[in-house]
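Look at the fold as a whole before turning to single residues.

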Amino acid sequence: MQLLDGKAMALQIKEEIAGEVRQLTQQGHRAPHLAAVIVGEDGASMTYVANKEKSSKEVGFTSSVYRMSEKTTEAQLLETIEFLNNDPDIDGFIVQLPLPKHINEQKIINAISPEKDVDGFTPINIGRMVLGEECFVPATPMGICTLLKRYGIETVGKHCVVLGRSNIVGTPAANLLSRKGFDCTVTMCHSKTQNLKELCLQADILVVAIGKPEFVTADMVKEGAVLVDVGIHRVPDATKKNGYRVIGDVKHSEVDAKCSWTTPVPGGVGPLTIVSLLENTLKAYKRR
Ligand code: NAP
C-alpha cells in the first residue's frame, strides 16, 4: 500500500504558487486577494477558515476574513456578498458552509459573482463544468483529481465508484472523473443505492464522500483498489492536546492493507482542497 500524500503534495503546489506570486509582485503587480466569509462560530468551520487564511498568506496572497455573528440575517449576508462582488481589490471569495439554519444556502451561493466564485459552487460554474467549459471547479473534487493525476494513478477505463452525491463533492467528482482525460467508468452511489457493498467491491478506484465515520470497512473494498477518503470527522480523544482526533469515512486500520493506494485522514484530500482554492484564486486574479 502506498500513500496518496496530500500534505506533501499540497506543500509542493503551494511552493509553485508562491513562486508565481513572487514573480508577479516583483514585476510590480499586486498580490492575489482571497476573502472568506464565516457566519457563526462553528468550531470546524472556524478551523477550515483559519487554515485557508494561513495557506493564503503562505503563498503570498492577501487574505481577509469577514466574521459575522450567528444572528446575521440573510439580507445582511447578501449585502456583504454584494460588497465583495463589487470590491475591485478582491479576486475571489468563499462563503464557509454550512450556514445557520435561518439562511437559505442556495440563495447565498446564487448571489456570488461566478467570476469570483473560487469555490465553484454557483450554478454558472457547475453548468460550465458539466459542459466541459472553462470554469472554477469545486475545490474538493478538484483536489481529488490533482491527487490522482500527480501521483500518476491510471484512470482510463477504470471503474470508479463514488460514494455520495452532494453538490460539493460526490456529484462533481463523478462528473470530472468520467470526463475525457480521466475516462473512468463511474458509478455514483447514495443513500438509496441497493447492493452498496457489491458495487464498492467492483471499484478499481473508490471515492468515499458519505459523511459517516469509518463507514467503509475491509469487506467492502477490492484487493488492490485505489482509495480516496474525503470524510472528515472530529471524535473526542482525551489523549490529544486539543481533545479530539480526526477520522475519515473509511476504517483505515483494516482497509488500507487491501489497497494499492490510499489517502490518509488527515493529510489526504483536505490539504489538496485548500490548495485547489488557492489555484482557483490565482486563476481568478489572472483573468482580471
Ligand atoms: P453530504 O452533503 O452529507 O452528502 C453525503 C452523501 O452521502 C449524500 O449524497 C448521501 O446520500 C450519501 N449517503 C449518506 N449515507 C449513505 C449510506 N448509508 N449509503 C450510501 N450513501 C449514503 O456530505 P459532503 O458534503 O459530500 O461531505 C462528505 C464528507 O466529506 C463529510 O465527512 C465531510 O466532512 C467531508 N468533506 C471533506 C472535505 C475535505 O476537504 N476533505 C470537503 C468537503 C467535505 P443522499 O444524497 O441520498 O442523502
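In this predicted model, the largest nonpolar core has 51 residues. A nonpolar core here is a set of buried Ala, Val, Leu, Ile, Met, Phe, Trp, Tyr and Cys residues joined through side-chain atoms within 4.5 Å. Buried means under 20% relative accessible area, exposed means over 50%, and partly exposed lies in between (1.4 Å probe, protein chains only). Ile17, Phe61, Ile144, Leu177, Val207, Val228 and Val230 touch the most other members of the core. Among the elements that each supply at least two residues of this core are helix H1 (6-26), strand E2 (33-39), helix H6 (139-150) and helix H10. The largest share, eight residues, comes from H10. Helices (H or I, at least four residues) and strands (E, at least two) are DSSP runs, numbered from the N terminus. In soluble globular proteins, nonpolar side chains tend to be buried together.

Two conventions apply throughout: residues are numbered from 1 along each chain as its sequence is written, and side-chain values use heavy atoms, with hydrogens and water left out. As the model is predicted, local features need pLDDT of at least 70 and side-chain atom pairs count only at pLDDT 80 or more, while totals for chains, interfaces and linings use all residues.

Not counting residues up to four places away in sequence, Val230 touches Thr140, Ile144, Val169, Val207, Val208, Ala209 and Val269. Contact means heavy atoms within 4.5 Å.

Helix H7 is mostly covered, with seven of its nine residues buried. The buried ones are Gly170, Pro172, Ala173, Ala174, Asn175, Leu176 and Leu177. They pack against helix H5 (123-131), H6, strand E5, strand E6 (185-189) and strand E7. Thr171 is also found in H7, but Thr171 counts as partly exposed because its relative accessibility is 31%. Leaving aside neighbours within four places in sequence, Thr171 is in contact with Gly164, Arg165, Ser166 and Met188.

Next comes the ligand. Which residues are closest to the ligand? They are Arg165, Ser166, His190, Ser191 and Thr273, out of 22 residues that surround the ligand; a residue belongs to these surroundings if one of its heavy atoms lies within 4 Å. The shell divides into nine nonpolar, 10 polar and three charged residues. For this count, Ala, Val, Leu, Ile, Met, Phe, Trp, Tyr, Cys and Pro are nonpolar, Asp, Glu, Lys and Arg are charged, and the others, Gly among them, are polar. Helix H10 (residues 269-287) gives the most to the shell, with three residues. A polar side-chain atom of Arg165 lies 2.7 Å from an oxygen atom of the ligand, and an N or O atom in the side chain of Thr273 is 2.8 Å from a ligand oxygen. Taken alone, the ligand exposes 920 Å², and the protein buries 71% of that. Accessible areas come from the Shrake-Rupley method with a 1.4 Å probe; for residues, only the protein chains shown count as cover.

The last stop is His233, in strand E9 (residues 233-236). Why does His233 count as buried? Its relative accessible area is 14%. The side chain of His233 makes a polar contact with the side chain of Asp249 (2.5 Å). A polar contact is a pair of N or O atoms within 3.5 Å; within protein, one must be able to donate a hydrogen and the other to accept it, and residues adjacent in sequence count only if both atoms are side-chain atoms.
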